[in-house]
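Reader: I would like to go through this model and ask what stands behind each label. Please set the values against the definitions.

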Amino acid sequence: MGYMENYKEWMENPYFDAKTKEELKSIEGDEREIKERFYAELEFGTAGLRGVIGAGTNRMNMYTVRKATQGLANYIISQNAQEKGVAIAYDSRRMSPEFADEAACCLAANGIKAYVFESLRPTPELSFAVRELGCISGINITASHNPPEYNGYKVYWEDGAQITPPHDSGIMDEVKAVTDYASVKTMSRQDAEKAGLYESIGAAVDDRYMEELKKNVLHPACIKEVEKDLKIVYTPLHGTGNLPVRRVLKELGFTNVFVVPEQELPDGEFPTVSYPNPEAKEAFDLALKLAKEKDADLVLATDPDADRLGVYVKDSKSGEYICLTGNMSGAFLADYEIGQKLEMEGKLPEDGMLVKTIVTTNLVDAIAKYYHIDVVECLTGFKWIGREILKTEKTGKGTYLFGFEESYGCLVGTHARDKDAIVASMALCEAAAYYKKRGKTLWDAMIDMYEKYGYYKDDVISITHKGIEGLEKIKSTMDGLRTNPPSRFGNYDVTVVRDYEQDTIKNLITGEEGKTGLPKSNVLYYELTSDAWLCVRPSGTEPKIKIYFGVVGGSLEDADQKSSELAEVVKKLFAE
């Protein structure tokens, strides 16, 4: 059916409730809006669902959530795994509790037990709960750091990571096969509870999660020695991080933790920020104001589902607070965690591995070379890092030491298989205590790291293309790069091209060709002269095309200048 026929079907079919029809009635005559809502099904991709909340096949609503869950249930049953159950969590966004219940009731109607958190919880705890409860799958209702009008639906598999092959394609096929919304099974929550197919979970899982986090503390004595002198400002940005971050820091002995009062409570409208993303500078306005009042050593912000961590640290020389990008904080924690383990234990595992994504800083490679450990590179998305951890468990080869991606996400330990801003907050505060005892700030320690490995500077530019036309623009951009491959970006020649969609690597200097060895993905990566690089990929969760790039300088100023020059080249090229 065409979009207008789909619209009429939703307006006339008794399956869709009065509230939905009332909303659709309000756009009657607005053909553009009707087309946006009904020209396609909201795509269930490898990251699940994500979209604007509203009525329509191309929107997040109770019906698209039920449809996705029916497809998931069908796949679970096809794997004969329905007895294991599914864990469900949700964040502070609009409709998150309602969507969680819709998913649970659909699972129950299919004979699959749902373990539903009694109130909002962070993404990494959902990942932990899947493994802790022995579930076959997990569902997290969240749109991460998207604007307030969005919500989403992430699916996890039994290893605690978001779905990867073969389960991702298997689930996607089952979701696509559900073509009749009215055929989706559901039941009331009351009936599901009576049947023992709906169970609320909470404190017991929280306690176990906290126990696992604290196993990763390396220097508890340092915390006790400087706890009264170290000052921390934290904001959950109206999301799920407030209680778990405060709890773990308190239990470790950090006493001077100041939470931004205006952003402390959960609120899906995110009233104090236009974009609840710790990557955005304006998200820190209130936190930095409080930090200056308290003379804080560091400032932390978690995104709404608390898997990403943003950080500012104080420069004692200037008195200013300096932003650490995801590459900076991730590389710093990698060096700290691995270096301290080596110092404490005298050696590292011979098969030790540091895992990063293909768009993560090459500073990782320098760190791994110093410690004589392997770098394992994977596609963008933390699920691929989780998959590498699973591979070590299945094969007995490789010891995971640390993993992170540039988009402000890392994982200390293996208690979860997704990025964890709770454990990252804990680890950074511990590192701050460790260096404070030695008379250094975290920024001092960062400079020491750069002096040791080189001044790596990495950045990303996102160009938004919304709506149907935007999708076409993104596609044409990628097609154009493949049809007319660039040989130079600014001051840098292209030396090697990796095309992850075509699974090819071509050395432009020698002519040698090979394979990437990774699953296919619509990504183009250019190795450049002077150890620089540039990578182009469409976002998997937002209507954007992202251009990542990195340079190496002889100093902070030199690296900043080189990065700025390359950024101008990128903006000009991709604005055309």
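Author: Of the 576 residues of the protein, 58% count as buried. Buried here means under 20% relative accessible area, exposed means over 50%, and partly exposed lies in between, with a 1.4 Å probe and protein chains only. The model is predicted: local features need pLDDT of at least 70, side-chain atom pairs count only at pLDDT 80 or more, and totals for chains, interfaces and linings use all residues. Residues are numbered from 1 along each chain as its sequence is written, and side-chain values use heavy atoms, with hydrogens and water left out.

Reader: What makes the protein as compact as a globular protein of that length?

Author: The protein has 19 helices and 23 strands, where helices (H or I, at least four residues) and strands (E, at least two) are DSSP runs numbered from the N terminus. Its radius of gyration is 24 Å, close to the 25 Å that the globule rule gives for 576 residues, so the protein is as compact as a globular protein of that length. The radius is taken over C-alpha atoms, and the rule is 2.2 Å times the number of residues to the power 0.38. The C-alpha atoms fill a box of roughly 70 × 55 × 50 Å along the principal axes.

Reader: Why is the pair of tyrosine 15 and phenylalanine 16 called edge-to-face?

Author: Rings of Phe, Tyr and Trp (its six-membered ring) pair if their centres lie within 6.5 Å; planes under 30 degrees apart count as stacked, over 60 as edge-to-face and the rest as tilted. The rings of tyrosine 15 and phenylalanine 16 are 5.3 Å apart centre to centre, with 75 degrees between the planes, so the pair is edge-to-face.

Reader: Why is the pair of tyrosine 450 and tyrosine 455 called stacked?

Author: The centres of tyrosine 450 and tyrosine 455 are 5.3 Å apart and the planes make 25 degrees, which is under 30, so the pair is stacked. A search of the whole structure finds 23 aromatic pairs.

Reader: What covers the buried residues of helix α14?

Author: The buried residues of α14 (residues 363–371) are Leu363, Val364, Ala366, Ile367, Ala368 and Tyr371. Their cover includes α13 (326–345), β12 (352–357) and α17 (442–453), by contact, meaning heavy atoms within 4.5 Å. Histidine 372, with a positive phi near 60 degrees, follows α14.

Reader: How do you know that aspartate 315 is buried?

Author: Its relative accessible area is 12%, under 20%, so aspartate 315 is buried. Aspartate 315 is in the loop between β10 (309–314) and β11 (321–324). Not counting residues up to four places away in sequence, aspartate 315 touches Glu320, Ile322 and Trp443.
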